[in-house]
Every structure is written in structure tokens, then in C-alpha cells.
Amino acid sequence: LPAIELPFLCYVHEESIRLGNGLQTLEFAAGFGYVSWKVPLAWSKVGSHIVNDLSERGIQEIPHVLHSRLPENLRSAVKLDCGDCLTILDRHPRLEGNVHVLYVQNLEHFFNPNQHQSFLRVIGRLLAPGGRAFLSSHTFQFGADDAHPLLRLYKSRKDAGDVYAGFAGY
């Protein structure tokens with residue numbers, strides 16, 4: 001499991017025990033469902049999981065993954081959403097304030113600073129009181145020392161107070 005998946009799935013399990021069938025989870029940028037099918041297996045009682053991706057092709061593949069790995073009662077608890085994560089509340093207004101656990105991996109680095117701030121606002125609107133978001137992106141590897149010129153540039157921008165020190169607009 002990637003490092004972020006295990007704590008996410010453990011937390012889903014804990015919240016499932018606490019909330020029972022009322023648990024609502026959401027996954028942004030699910031790709032082909034490589035994490036999606038694991039979420040229902042973490043439930044202690046059947047909850048509801050929404051799987052979002054911008055790619056229609058990715059969303060079309062997810063039912064095949066679910067069918068091969070989950071029993072019917074768990075497959076039917078997974079709902080698919082194809083569309084921009086920034087507009088999910090337009091498509092699913094009932095999610096506002098009702099998502100207990102949210103998972104995002106390898107999406108945020110595609111956003112420019114304005115889009116990222118919008119994304120954080122959407123997450124804030126989605127989360128239920130006490131809800132938790134698990135956010136992760138893989139980062140460019142600069143090397144083992146401080147000699148890499150991009151690392152030096154990044155550190156100087158970060159030290160100058162740049163919130164998006166790694167963002168390069170062109």
C-alpha cells in the first residue's frame with residue numbers, strides 16, 4: 001500500500017465503527033479505482049463511497065474492478081461521479097457538510113495556486129463536522145543533498161514566504 005492508504009483505510013474503519021451505516025466517504029481523482037475497491041472492505045458496516053474522476057475512461061473501468069473484487073452488497077454502495085472535482089457540489093449538493101472521510105492522491109500538483117485555493121474551499125464545504133481529508137501528492141525528487149539548483153530555488157522562495165514555492169507559471 002502507498003504510505004497514505006493505510007492510515008486512510010484504518011481511519012475509514014474507525015469511523016465506520018463509530019457511525020455505522022451513516023458513513024459517507026469520497027475519493028477524488030480515483031483514476032481506475034485502485035484505491036476505490038479497498039474502501040468498502042474497510043467498513044465494519046456498509047457505508048457509502050463516492051468515486052470521482054475527471055476521466056470518463058477511468059470511471060468506465062471502475063465497475064470492472066469493483067465487480068472482480070467486491071461482493072454485490074459492497075459494490076452497490078459505491079457510486080461513480082465523472083466530472084471536475086471543483087464542481088462536485090453542483091452535481092451532488094447533498095454532499096455539503098456530509099463527507100466524513102475524503103481521500104485525494106496525486107491531484108493537487110496539477111492545480112495552479114488559484115485552483116488549489118478553490119479546491120481547499122470545496123473540501124471545507126464537503127467535510128462533515130469533525131470530518132477528515134487525507135491529501136497526498138508525490139513530489140519531485142531533488143536528490144540526496146542541497147546541491148540541486150531546483151531545490152535551492154524552492155528553498156529560497158519558501159524562505160521568502162511563497163506559499164506555492166514549487167509552482168512555476170509559464
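This is a predicted model: local features need pLDDT of at least 70, side-chain atom pairs count only at pLDDT 80 or more; totals for chains, interfaces and linings use all residues.
Residues are numbered from 1 along each chain as its sequence is written, and side-chain values use heavy atoms, with hydrogens and water left out.

**Exercise 1.** Determine how many salt bridges the model contains, and describe the one between Lys 38 and Glu 5.

*Solution.* 
Step 1. A salt bridge requires a side-chain nitrogen of Lys or Arg within 4 Å of a carboxyl oxygen of Asp or Glu. Under this rule there are six salt bridges.
Step 2. One of them joins the side chains of Lys 38 and Glu 5, with an N to O distance of 2.8 Å. This pair links distant parts of the chain, 33 residues apart: Lys 38 belongs to helix α2 (residues 38-42) and Glu 5 to helix α1 (residues 5-19). Helices are DSSP runs of H or I with at least four residues, strands are runs of E with at least two, and both are numbered from the N terminus.
Step 3. Accessibility is classed as buried under 20% relative accessible area, exposed over 50% and partly exposed in between (1.4 Å probe, protein chains only). Lys 38 is buried because its relative accessible area is 18%, and Glu 5 is buried because its value is 4%.

**Exercise 2.** Characterise the salt bridges Arg 18 to Glu 15 and Arg 75 to Glu 72.

*Solution.* 
Step 1. The side chains of Arg 18 and Glu 15 meet at 2.8 Å, N to O. Both residues lie in helix α1, three residues apart, about one turn of the helix.
Step 2. Arg 18 counts as exposed at 56% relative accessibility, whereas Glu 15 counts as buried at 7%.
Step 3. In the salt bridge of Arg 75 with Glu 72, the closest N and O atoms are 2.7 Å apart. Helix α4 (residues 72-75) holds both residues, three residues apart, about one turn of the helix. Glu 72 is partly exposed, at 48% relative accessible area.

**Exercise 3.** State which elements give two or more residues to the lining of the second largest pocket.

*Solution.* 
Step 1. A pocket is an open set of points on a 1 Å grid over the protein atoms alone, where a 1.4 Å probe fits, with protein on both sides within 12 Å along at least five of seven lines; lining residues have an atom within 4 Å of a point.
Step 2. Of the 23 residues lining the second largest pocket, Ala 29, Ala 30, Asp 53, Gln 105 and Asn 106 are the closest to its centre.
Step 3. The elements are β1 (24-28), β2 (48-53) and β4 (99-105).
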